[in-house]
Amino acid sequence: MTSELQLTPQPVRTTVATKQPLQQAVNVSEYDIADLLLYVPALEGTASPTATIRIITGMQLDTEDGWVVAGTFNVVSTTNNSQKLRVSELLKYIRWEVSGVTGTTPAVTFLISGMLRQS
């Protein structure tokens, strides 16, 4: 069984490290694998801006405690960049996390979509 996933229903723009709000985490308890596509339409700033975007997984929506990294996309350093990532060993929920944005006055805009699969 497969299902389409829109982890970011609309583009997300951030200038700092941040996480998807807990209430927007996606329940993936019926699936074993997530094949994800990261698209970065904009990367702004000077001094070689970069961004690190990863997928985190956890068991509950009432606390930030217990969330762990399921996978990390390659460091984003160009605009109009797409890359895929397969994550497995998922817990009940997944969400995105921007763990770092570097450069002078940096900003990254991104979208994450994909497919959830049962093995």
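The model is predicted: local features need pLDDT of at least 70, side-chain atom pairs count only at pLDDT 80 or more, and totals for chains, interfaces and linings use all residues. Residues are numbered from 1 along each chain as its sequence is written, and side-chain values use heavy atoms, leaving out hydrogens and water.

View 1. The protein chain has eight strands and zero helices. Both are DSSP runs numbered from the N terminus (helices H or I, at least four residues; strands E, at least two). The C-alpha trace spans about 45 × 30 × 20 Å along its principal axes. The radius of gyration is 14 Å, which agrees with the value near 14 Å for a compact globule of 119 residues. That radius is taken over C-alpha atoms, and the globule rule is 2.2 Å times the number of residues to the power 0.38. Of the 119 residues, 42% count as buried. Buried means under 20% relative accessible area, exposed over 50%, partly exposed in between (1.4 Å probe, protein chains only).

**View 2. Asp35 and Arg86 meet in a salt bridge.** The N to O distance is 2.6 Å. The pair links distant parts of the chain: Asp35 sits in strand E5, Arg86 in strand E7, 51 residues apart. A salt bridge here is a side-chain nitrogen of Lys or Arg within 4 Å of a carboxyl oxygen of Asp or Glu. Asp35 counts as buried at 16% relative accessibility. Arg117 touches both Asp35 and Arg86. Contact means heavy atoms within 4.5 Å. Arg117 lies in strand E8 (residues 93-117) and is partly exposed at 29%.

**View 3. Strand E7 has two faces.** In a regular strand the side chains alternate between the two faces of the sheet. Along E7 (residues 81-88), Asn81, Gln83, Leu85 and Val87 point to one face and are buried. Eight bridges join E7 to strand E5 (residues 33-58), and the two run antiparallel. Strands pair if DSSP finds at least two bridges between them. Leu38 stands opposite Gln83. Asn81 has 17% relative accessibility. Beyond residues up to four places away in sequence, Asn81 touches Leu38, Tyr39, Val40 and Val76.

**View 4. A network of salt bridges links five named residues: Lys19, Arg54, Glu64, Arg95 and Glu97.** Arg54 and Glu97 meet at 2.7 Å, N to O. Arg54 lies in strand E5 and Glu97 in strand E8, so the pair ties together parts 43 residues apart in sequence. Glu97 is buried at 10%, whereas Arg54 is partly exposed at 24%. In the bridge between Lys19 and Glu64, the closest N and O atoms are 3.4 Å apart. Lys19 belongs to strand E3 (residues 18-19) and Glu64 to the loop between E5 and E6, 45 residues apart. The structure holds seven salt bridges.

**View 5. Met59, Val68 and Leu91 form a nonpolar surface patch.** Together they have about 250 Å² of accessible area. Areas come from the Shrake-Rupley method with a 1.4 Å probe; for residues, only the protein chains shown count as cover. Patch residues have over 30% relative accessible area and no salt bridge: like charges are joined within 9 Å, nonpolar side chains (Val, Leu, Ile, Met, Phe, Trp, Tyr) within 5 Å. Met59 is found in the loop between E5 and strand E6 (68-72). Met59 is exposed, at 54%.
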